Amino acid sequence: MAAAAALALASPLRRLLRAPHPSGAISAPCYVITRGRCNAAIAVAAAAAKDSVVKGSVDRNAAEDVRNVLDMAERASQRRDVFHTNFLTPPIIKEAMLAIEKLADIKAVAQGGYPQAERCRISVGHSDSMTSNPDVVAALSISGNFRLEPCSHGDFLGAIPGTGITREKVGDILLQGESGAQVLVDPELVDYLISTLEKVGKVGVSCTQIPLLALEYEPPRTKSSKTVEASLRVDALASAGFKISRTKLASLISAGDVRVNWTPISKNGATLKSGDVVSVSGMGRLKIGEIVTTKKGKHAVELIRYL
C-alpha cells in the first residue's frame, strides 16, 4: 500500500524534484525598498547589479545564482507577483542581498525554518503583492532507533536524495542523537518523503511533519586548535584541522570532496583567509579563525572544528 501511495505521488512530483530553479537569497528576515521606479528603470538597475556581481568577489557559480535571483526580482516587479528559490548556501544569501538592495519596489524574505538556519529559501515579490511571509519551508521529523547504529549528518543527507529529491530541495538537517533528525524541506515534498523514505543507513525510519516551532536546535559545538604554517594554502590548513595527511587531502580534492565556502575546489593551492569554511565529505567542517603573522614570517592560525 505504501508503494502504491509513493507511486501515485511520484508521477506529479517527478518534474518538481528534478526541475532547475532560479537561485538567490538574502541574509536577514525582510528587506523592503520602495522608491517607485518604473519597470524600465528596474530593468536597468537589475542589469547594473548583475554586472556588478560578475565583477565582484564571488565565484562563477555563485555569480550565476545571484544573477538568477535578480532575474526573478525583475519578473516579480513586472508581473506584480511573488517567486521563490530553492534552498541556498550562505555565500549566495550574502551576495544576493547586496545585489537586490539596488532594486526598487521589491520585497525580499529569506527563510530557513529557524533563526540560525544556514540554508534558506528566498521569496521575492513586488511590495504590493507580498504582504506577508510566504509559507515556503516545512519541517520533518525522521525517527528511528539509532542507538546501535549512529548516523551522521551525511547519512541523512545521502538518504534523502536517494528518494529522488535533489539537494536544493532540502534545507538544514538537525541531528537529534539516538532518536534521529529533524529536516527542513520544500513543503510540496512533505507527503512524498513521508511515503518513500524508509531507511537511513541500516536503520528503518518513519517520517512525520512537525510545526516549525517544534524544531530543536542548539548552537553548533566546536573545538579550537592552533597551527603554525608557512602558507595559508588549503592543503596546509585543512590537513592540520582535520588531522589527515596532505596527500590524503589532495586525493579528496581531486575527487571533488572538498569545498571552501560551500563551493567545490579543484586545486590544492587555493589560499584561505579568516572566516572561510572548509568542508570535507564524511569529515565535517572547519572554520578558519584568527590569523597572526609570526616574527619569522609564518602564519599562526586558529582552526575551529565543528563537532
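Predicted model: local features only at pLDDT ≥ 70, side-chain atom pairs only at ≥ 80, totals over all residues.
**Exercise 1. The chain as a whole**

Describe the protein chain by its secondary structure, burial, contacts and surface.

*Solution.* Start with the elements: 8 helices and 16 strands. Next, burial: of 307 residues, 45% count as buried. Residues 24 or more positions apart account for 69% of them. Last, the surface: the chain exposes about 15,800 Å², and carbon and sulfur atoms supply 51% of that area.

**Exercise 2. The largest nonpolar core**

Identify the residues with the most contacts inside the largest nonpolar core, then trace the contacts of Leu197.

*Solution.* Step one: the largest nonpolar core has 23 residues. Ile142, Phe156, Ile160, Leu197 and Val200 have the most contacts inside it. Step two: find the elements that give this core two or more residues. They are β5 (138-143), α5 (153-159), β6 (170-175), β7 (180-185) and α6 (190-196). Step three: set aside the neighbours of Leu197 within four places in sequence. Leu197 is then in contact with Ile142, Ala159, Ile160, Thr163, Val205 and Cys207. Cys207, one of these partners, is the buried cysteine at 7% from Exercise 1.

**Exercise 3. Strand order in an open sheet**

*Solution.* The order is β11-β16-β15-β14-β12-β13, with antiparallel pairing. The edge strands are β11 (222-229) and β13 (263-264), and each pairs on one side only.

Now take the pairs one at a time:

- β12 (residues 258-260) and β13 are antiparallel, over 2 bridges. Arg259 stands opposite Pro264 of β13.
- β12 and β14 also run antiparallel, joined by 3 bridges. Here the partner of Arg259 in β14 is Ser279.
- β14 and β15 pair in the antiparallel sense over 4 bridges. Val278 has Leu286 of β15 as its bridge partner.

**Exercise 4. Two faces of β14**

Which residues of β14 are buried on each of its faces?

*Solution.* Start from the rule: in a regular strand the side chains alternate between the two faces of the sheet. Val277 and Ser279 lie on one side of β14, and Val278 and Val280 on the other. All four are buried, and both faces are covered.

**Exercise 5. Helices on the sheet**

*Solution.* Helix α7 (residues 234-242) lies across β11, β12, β14 (277-280), β15 (284-293) and β16 (299-306). Its angle to β15 is about 115 degrees. Helix α8 (residues 246-254) packs on the sheet too, touching β11, β12 and β14. Its direction makes about 85 degrees with that of β12.

Now count burial: 8 of the 9 residues of α7 are buried. They are Val234, Asp235, Ala236, Leu237, Ala238, Ser239, Gly241 and Phe242. These buried residues pack against α8 as well as β11, β12, β14, β15 and β16.

**Exercise 6. Positive phi**

*Solution.* Recall the background: most residues other than glycine have a negative phi. Then go through the cases.

- Lys243 follows α7 and has a positive phi near 60 degrees.
- Asn261 has a positive phi of about 55 degrees, though it is not a glycine. Asn261 lies in the loop between β12 and β13.
- Trp262 has a positive phi of about 70 degrees and is not a glycine either. Trp262 lies in the loop between β12 and β13.
- Gly282 takes a positive phi near 80 degrees. Gly282 belongs to the hairpin of β14 and β15, with 3 residues between the strands.

Asn261 is at 23% relative accessibility, so Asn261 counts as partly exposed. Trp262 is at 23%, so Trp262 counts as partly exposed.

Conventions: Residues numbered from 1 in each chain as written. Heavy atoms only, no water. Buried < 20%, exposed > 50% of the residue type's maximum accessible area, 1.4 Å probe, protein only. Contact = heavy atoms within 4.5 Å. Areas by Shrake-Rupley, 256 points an atom, 1.4 Å probe, with all protein chains shown as cover. Pairing = 2+ DSSP bridges. Axes fitted to C-alpha atoms, helices over the stretch in contact; angles between N-to-C directions. Core = buried A, V, L, I, M, F, W, Y, C linked by side-chain atoms within 4.5 Å.
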